[in-house]
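Visitor: Please take a close look at a single part of this model. I would like one connected account of the contacts there and of what surrounds them.

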Amino acid sequence: MGEGNTMSAPVAISNAVNDALAHLDIMIDDLPLSPNRIWKLLSDAKDKVTTS
């Protein structure tokens with residue numbers, strides 16, 4: 001029973017990241033999360049705003 005709860009930690013972290021990035025219309029719907037991936041999503045969102 002102790003290992004069942006370890007599966008919810010990555011989802012909770014992903015939800016927290018999604019909440020933090022929601023104002024930029026960034027939605028992450030698959031794992032794993034990595035700093036490089038999040039940085040790329042932020043960069044793409046910035047590029048989208050500056051070209052609009």
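Guide: Ser14 touches Ile28, Leu31 and Leu33, not counting residues up to four places away in sequence; contact means heavy atoms within 4.5 Å. This is a predicted model, in which local features need pLDDT of at least 70, side-chain atom pairs count only at pLDDT 80 or more, and totals for chains, interfaces and linings use all residues. Residues are numbered from 1 along each chain as its sequence is written, and side-chain values use heavy atoms, with hydrogens and water left out.

Ser14 lies in helix 1 (helices are DSSP runs of H or I, at least four residues, numbered from the N terminus). Its relative accessible area is 10%, so Ser14 is buried (buried is under 20% relative accessible area, exposed over 50%, partly exposed in between, with a 1.4 Å probe and protein chains only).

Asn18 is also found in helix 1 and is buried, at 9% relative accessible area. Leaving aside neighbours within four places in sequence, Asn18 is in contact with Ile26, Met27 and Ile28.

Ile26 and Ile28 belong to the largest nonpolar core, together with Val17, Leu21, Ile38 and Ala45. Such a core is a set of buried Ala, Val, Leu, Ile, Met, Phe, Trp, Tyr and Cys residues joined through side-chain atoms within 4.5 Å. Helix 1 (8-21) and helix 2 (35-51) are the elements that give two or more residues to this core.
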